[in-house]
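Welcome, and please open your viewer for a short walk. Keep the selection tool at hand, as each stop asks you to pick something.

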Amino acid sequence: MAGAAPAPVIVRVQRDDFDAAAETARLVAGRAAAGAIVTFTGLCRDEGGRLSALELEHYPGMAEAEIERICRTAVTRFSLLGIAAIHRVGRIAPGENIVLVIAAAPHRHAAFDGASFVMDYLKTAAPFWKKEHFADGSEGGWVAAKDSDDTALEKWS
C-alpha cells in the first residue's frame with residue numbers, strides 16, 4: 001500500500017504489570033484496516049499450590065533486540081498491521097501477568113498465526129531465565145526449556 005504507515009512494533013521488557021486493554025488500544029489506534037486483533041496473556045501458574053513465585057531474568061539489550069527481530073519477522077511473514085510483545089521480569093506471583101502479545105491483521109488467521117509465532121519464538125529464542133520459588137520457602141533451580149516448546153517451534157520452519 002503506497003503511503004501506508006509502517007506496522008508498529010512495540011517491544012518492552014519491564015518489571016511493572018501491563019494493562020492489556022490499554023496496550024491493545026495503543027497498538028491499533030488509527031489502524032482502520034484491522035479486521036482482527038488477537039491477544040495472548042501468559043500468567044504465572046501456582047503449579048497445584050506448590051509455587052509461590054517465578055523469578056524471571058533477562059539479558060538486557062539482547063532480549064529486547066531478539067524480541068524485536070522476532071516481531072518484525074512476524075509482521076513480514078503474516079502481513080500484520082502491528083504487533084506488540086511485552087514481557088515482565090522480576091518476581092512474579094501466581095495469577096500475575098508474565099507476557100502479552102498482541103497481533104493486528106486484516107483477517108483472523110494472520111492475527112492468530114502472528115501471535116502464535118511470536119509466542120513460540122519467545123519461549124525458545126529470547127534470552128529469559130526462570131527460577132521457581134516454592135510455597136514451603138525453598139528455591140528451585142533455573143527452569144530448563146521444555147521439549148514441547150521446541151516441538152511447537154518446528155511448525156514454523
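Leaving aside its neighbours within four places in sequence, which residues is T24 in contact with? Select T24 and look around: with those neighbours set aside, the contacts are I37, T39 and I102. Bear in mind that this is a predicted model.

Stay with T24 for a moment. This residue belongs to helix α1, residues 20-28. Its relative accessible area is 15%, and T24 is therefore buried, the cut-off being under 20%.

Four strands form an open sheet in the order β1-β4-β6-β2, and the pairing is mixed. Since β1 and β2 (36-43) stand at the edges with a single partner strand each, one side of each has no neighbour in the sheet. From one strand to the next, the twist averages 5°.

Pick β1, residues 9-14. Five of its six residues are buried, so this strand is largely enclosed by the rest of the structure. Its pairing with β4 (residues 82-88) is parallel and spans six bridges; to see one of them, select I10 and its bridge partner A84.

Move on to β6, residues 97-105. Here β4 pairs in the antiparallel sense, over six bridges. Select I86 and you will find it opposite L100 in β6.

Finally, bring the helices back. α1 packs on the sheet and touches β1, β2, β4 and β6, with its direction at about 30° to that of β6. Helix α2 (residues 62-78) also packs on the sheet, touching β1 and β4, and its direction makes about 155° with that of β1.

Methods
Residues are numbered from 1 along each chain as its sequence is written. This is a predicted model: local features need pLDDT of at least 70, side-chain atom pairs count only at pLDDT 80 or more; totals for chains, interfaces and linings use all residues. Side-chain values use heavy atoms; hydrogens and water are left out. Buried means under 20% relative accessible area, exposed over 50%, partly exposed in between (1.4 Å probe, protein chains only). Helices (H or I, at least four residues) and strands (E, at least two) are DSSP runs, numbered from the N terminus. Two strands pair if DSSP finds at least two bridges between them. Contact means heavy atoms within 4.5 Å. Axes are lines fitted to C-alpha atoms, for helices over the stretch in contact, and angles run from 0 to 180 degrees between N-to-C directions.
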